[in-house]
Amino acid sequence: MCFLYKTNDKLSGNRSCVPFFRSSPACFSSNAEAVSAGIKQVLQRQQLNSITSFLDASTVYGHTPYLQSALRDLSSSTGQLAVNSRFTDQWGRPYLPFVPKTPSPCFQDPDGGQGERVECFLAGDSRVNEVLPLVTLHTLWVREHNRIAEVLHDLNPHWSSEIIYQETRKIIGALHQIITIRDYVPKIIGKEAFDRYIGPYRGYDPTTNPSASNVFATAAFRFGHATISSVTRRLNESFQEHEQFSSLSLHKTFFNPWRLIKEGGLGPVLRGLLGTPATVVTPENLLTKELTERLVTLNVPGDLDLAALNLQRGRDHGLPGYNDWRAFCGLARIRTNDDFGKVVKDESVVGKIMDLYKHSDNIDVWLGGLVEEPLPGSRTGPLFSCLIGKQMGELRDGDRFWWERRGVFTQRQRMELQIHSLSRVICDNSEVKDAPLDAFRFGKFPSGFRLCDNIPSMNLEAWREEPIPALTSCGSPGKIAHGDFVFLFTSEEVVALYSCYHGYILTGVAEIVCTENGWSGQPPGCIDDDS
Ligand code: HEM
């Protein structure tokens with residue numbers, strides 16, 4: 001489908017309109033009344049969450065069994081994630097693996113010869129290649145997984161590869177939760193909104209719906225598009241412009257994974273992120289032209305306009321307007337220019353929007369929310385603070401595996417996890433030697449930075465497991481091809497529970513028990529699903 005909009009911009013490729021793919025509707029969308037009345041037909045077009053909404057690091061591990069397997073190094077005995085088999089950085093640190101289907105659509109180095117292709121990277125989230133800083137962060141987390149997995153293996157030599165993978169994944173998931181809720185969200189919505197909508201953790205609430213709401217994904221959290229700088233800075237060890245790899249206009253970093261491999265690795269980009277203050281946003285100047293005139297996605301040829309996509313997506317999803325969402329959050333409806341002027345501190349923008357939409361009820365929620373004056377100490381106005389705050393609270397309270405929930409980690413492990421930070425992850429997995437204590441708070445180099453040696457780190461000793469006495473007599477259960485085991489403990493016995501990797505079926509008995517005479521049976525086998 002193509003949508004038309006009035007524009008002063010020249011559309012690339014002599015196009016008269018911008019292509020737009022509608023979001024898939026959910027089957028049997030209907031409202032609650034219709035369901036209780038037994039009416040099954042589609043009464044309202046609704047969308048599904050197509051990937052998990054939980055803050056569970058599925059961006060690292062994938063959200064399907066197939067992708068999860070593809071991202072693992074299944075031959076590793078230490079629970080490692082797969083890494084690139086062709087390239088490492090100059091210190092031998094790994095990069096993400098390439099996508100299996102090649103040649104892939106990512107852009108290539110114009111000066112590179114044939115045979116030097118750098119394909120799109122494969123990660124737990126399909127958007128990984130969109131911009132260079134995103135590829136950089138994905139790479140960091142795969143390295144962090146592999147680093148932690150090695151330490152856990154050393155601490156617990158009796159653990160199978162599967163146990164190490166799952167335990168490490170649990171730690172990485174917890175770090176994503178901590179970094180998001182403790183370090184990022186309060187700076188986005190401000191302390192007051194954080195206390196009001198999120199507050200201290202009170203335990204798992206099974207009545208909370210933890211899916212991502214339509215308005216959050218389609219409007220409120222897209223506030224982030226106004227935080228993107230037109231330039232991706234690349235800095236040297238003194239946090240000055242890099243002599244060899246200069247800063248890049250944003251559009252030059254879209255789907256260009258080769259730049260990471262051939263242009264200095266993670267360091268210059270990470271230093272650019274740490275050493276540059278966030279973009280100033282004003283109602284007059286919301287999104288950089290790099291996003292409204294030069295945006296590239298792989299499924300549509302030509303340049304796109306992210307602001308237009310966001311507005312059209314809101315209409316595609318049938319989102320109620322700005323005023324309805326203000327009412328939802330208990331905020332006054334906007335009726336006049338004066339009302340609007342109380343929340344948007346730019347008269348000319350107020351006038352333009354009111355002229356364009358003719359009636360305040362027509363204002364698109366993404367635009368209305370974005371132009372509101374930010375609350376003190378935040379990056380969002382009252383409406384987006386409310387919508388983001390409520391959503392983040394629900395993601396936390398409706399998560400059975402939230403890191404703070406009793407029984408998920410031991411108390412000592414929880415204490416250790418809290419010591420860790422994004423800055424520590426950067427220090428442990430890249431050549432960056434200095435970082436601010438809080439990676440989300442801008443500090444000028446060198447005064448606002450610390451040497452990595454002085455940035456606290458969690459102690460993984462908290463994950464050391466005392467040797468299991470029963471296992472001394474039984475020894476380790478046998479390894480199997482295409483599968484692995486985990487231990488189950490009851491008060492009386494130790495059980496090795498086997499399972500097969502995705503695409504394989506188990507033959508034989510899944511559980512063997514450690515008895516006085518050794519393991520109760522032979523481990524099972526795993527045969528190819530297709531055979
Ligand atoms: C250079 C950086 C970025 C680029 C190029 C980018 C690009 C895009 C594109 C092309 C879409 C799909 C638009 C559509 O067809 O509806 C999208 C969706 C979205 N973006 Fe961004 N984005 C960037 C950064 C961010 C940031 C920093 C945030 C939030 C902090 C964010 C939040 C979102 C959200 C919530 C969606 C909707 C996801 C969904 O429901 O599927 N984006 N972005």
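Helices (H or I, at least four residues) and strands (E, at least two) are DSSP runs, numbered from the N terminus. The model is predicted: local features need pLDDT of at least 70, side-chain atom pairs count only at pLDDT 80 or more, and totals for chains, interfaces and linings use all residues. Residue numbers start from 1 along each chain as its sequence is written, and side-chain values use heavy atoms, without hydrogens and water.

**Stop 1: Gln-413**

Select helix H17, residues 411–419, and find Gln-413 in it. Gln-413 is buried, at a relative accessible area of 10%; buried means under 20%, exposed over 50%, partly exposed in between (1.4 Å probe, protein chains only). Show its side chain. That side chain reaches the backbone oxygen of Ala-462 at 3.2 Å. Neighbours within four places in sequence aside, Gln-413 is in contact with Ala-462 and Trp-463.

**Stop 2: H5 and H16**

Select H5 (residues 161–189) together with H16 (residues 382–397). These helices pack at an angle of about 160°, and their axes are 9 Å apart. Axes are lines fitted to C-alpha atoms, for helices over the stretch in contact, and angles run from 0 to 180 degrees between N-to-C directions. H5 and H16 are therefore roughly antiparallel to each other. The cut-offs: under 35 degrees is roughly parallel, over 145 roughly antiparallel, 65 to 115 roughly perpendicular, and the rest oblique.

Which residues of H5 and H16 meet? From H5, pick Ile-181, Val-185, Ile-188 and Ile-189; from H16, pick Ser-385, Ile-388, Gly-389 and Met-392. The residues of this contact divide into six nonpolar, two polar and no charged. Here Ala, Val, Leu, Ile, Met, Phe, Trp, Tyr, Cys and Pro count as nonpolar, Asp, Glu, Lys and Arg as charged, and the others, Gly among them, as polar.

**Stop 3: H14**

Go to H14, residues 347–357. Its buried residues are Val-349, Val-350, Gly-351, Ile-353, Met-354 and Tyr-357. They pack against H11 (306–316), H13 (337–343) and H15 (365–371). Step past the end of H14 to Lys-358, whose phi is positive, near 65°.

**Stop 4: Cys-452**

Finish in the loop between strand S8 (450–451) and helix H19 (469–474), and select Cys-452. Is Cys-452 buried or exposed? Cys-452 is buried, with a relative accessible area of 9%. Leaving out residues up to four places away in sequence, Cys-452 touches Arg-424, Cys-427, Val-432, Lys-433 and Asp-434. Pro-436 is 16 residues from Cys-452 along the chain, and their C-alpha atoms are separated by 9.0 Å.

Notes: Contact = heavy atoms within 4.5 Å. Polar contact = N/O pair within 3.5 Å; in protein donor to acceptor, adjacent residues only side chain to side chain.
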